[in-house]
Amino acid sequence: MGADNEKQAPFSTNPPEWRVLQKVAADFLIVYKQTKDATVFAPIFIDRFVFQLPCKLTDAQRFMLIYPDPAKIPTTADKLRYYRYKNALLQRDVADHIGINRQTYAEYESTNYRQYDPDKLKEIAVLFDIPVDNLLDDYNRFLLNQGDNVRAIRKKLKLTQNEFAVRMGVHASTAKRWEWNEKLMFKQTYEKMLILA
């Protein structure tokens, strides 16, 4: 019996061709078959496993697999979703706690949502028992103390409010309202200001 014969011999499931030569272990057999030219030997390993039915993950489970570490979540919307799932709360629960309707809160968790009411975020942080900073992306962290932040950037640039407004391409009253926390700065404007700073 040569190596060439072994390579050429296909395994057949026909019972009469292959016979057990030796049972080496519960899951390992040596079988053989007789051909007209040679006796062919083959090892057989028996692998046992349990069939698992497909598992359907919930949205929360799928989300937690994508983002196991909340510090690496890039947006406030996803941070809100992470901590809500972690606390096993429904959107309705969070909405009721902060006094808004569920649909408005659902928009908070939308990736298209940009400007969060800083006071509402503080209330949500209390519900989740975390520092509000854990919920914030860079833009919303800026908005949390927008007045102080705008003033600091303007002074760093050594500009008056009017000069700053001109640089930003807005009316002077808008720049003043930013500093007085009466008007939230849009994200595009925030990004433009970062370039200036």
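## A walk through the helices

Let's start in helix 8, residues 146–156, where Gln146, Gly147, Val150, Ile153 and Arg154 are buried. Here buried means under 20% relative accessible area, while exposed means over 50% and partly exposed is in between, using a 1.4 Å probe and protein chains only. Helices are DSSP runs of H or I with at least four residues, strands are E runs of at least two, and both are numbered from the N terminus. Looking down the axis of helix 8, you'll find its buried residues within an arc of 140°, so they line one face of the helix. That arc is taken from the directions running from the helix axis to the C-beta atoms. Asp148, Lys155 and Lys156 are exposed on the face turned away from the buried side of helix 8.

What sits over those buried residues? The cover of helix 8 includes helix 7 (138–144), helix 9 (161–168), helix 10 (172–179) and helix 11 (187–196). After helix 8 comes lysine 158, with a positive phi near 60°.

Before going on, a word about the model. It is predicted, so local features need a pLDDT of at least 70 and side-chain atom pairs count only at pLDDT 80 or more, whereas totals for chains, interfaces and linings use all residues. Residues are numbered from 1 along each chain as its sequence is written, and side-chain values use heavy atoms, with hydrogens and water left out. The predictor's confidence in each residue, pLDDT, goes from 0 to 100. The chain averages 86, and 89% of the residues score at least 70. Residues 1–6 are another matter: pLDDT stays under 50 there, and the model has six contacts for them beyond four places in sequence. A contact means heavy atoms within 4.5 Å.

Stepping back, the protein chain has eleven helices and three strands, and along the sequence they run α-β-β-β-α-α-α-α-α-α-α-α-α-α. Of its 197 residues, 34% count as buried. Among contacts with a separation of 6 or more, 42% join residues 24 or more positions apart.

In helix 10, Thr174, Ala175, Trp178 and Glu179 are buried. These residues cover an arc of only 140° around the axis, which puts them on the same side of helix 10. Their cover includes helix 8, helix 9 and helix 11. Helix 10 is followed by asparagine 181, whose phi is positive, near 60°.

Helix 11 contributes methionine 193, which is buried at 0% relative accessibility. Leaving aside neighbours within four places in sequence, methionine 193 is in contact with Phe142, Ile153, Phe164, Met168 and Met185.

Next, the nonpolar cores: sets of buried Ala, Val, Leu, Ile, Met, Phe, Trp, Tyr and Cys residues joined through side-chain atoms within 4.5 Å. The largest has 23 residues, and the ones touching the most other members are Leu80, Tyr105, Tyr108, Leu121, Ile124, Phe128 and Leu135. Helix 3 (76–86), helix 4 (91–98), helix 5 (102–108) and helix 6 (118–128) each supply at least two residues of this core. Take leucine 135: beyond its neighbours within four places in sequence, its contacts are Thr76, Lys79, Leu80, Tyr83, Leu121, Ile124, Ala125, Phe128 and Ile130. Apart from that core lies another, of 14 residues, among them Phe142, Leu159, Phe164 and Tyr190.

In helix 4 you'll also come across glutamine 91, buried with a relative accessible area of 18%. Its contacts, again leaving aside neighbours within four places, are Arg84, Arg102, Tyr105, Ala106 and Glu109.

Finally, the aromatic rings. There are eleven aromatic pairs in the structure. Rings of Phe, Tyr and Trp (its six-membered ring) pair if their centres lie within 6.5 Å; planes under 30 degrees apart are stacked, over 60 edge-to-face, and the rest tilted. Tyrosine 82 and tyrosine 83 make an edge-to-face pair, 5.0 Å centre to centre with 85° between the planes. Tyrosine 82 is buried at 7% relative accessibility, and tyrosine 83 is buried with a relative accessible area of 7%. Phenylalanine 164 and tryptophan 178 are edge-to-face too, at 6.4 Å centre to centre and 80° between the planes. This pair links distant parts of the chain, with phenylalanine 164 in helix 9 and tryptophan 178 in helix 10, 14 residues apart. Both residues are buried. Elsewhere, Phe63, Tyr67 and Tyr85 form one aromatic cluster.
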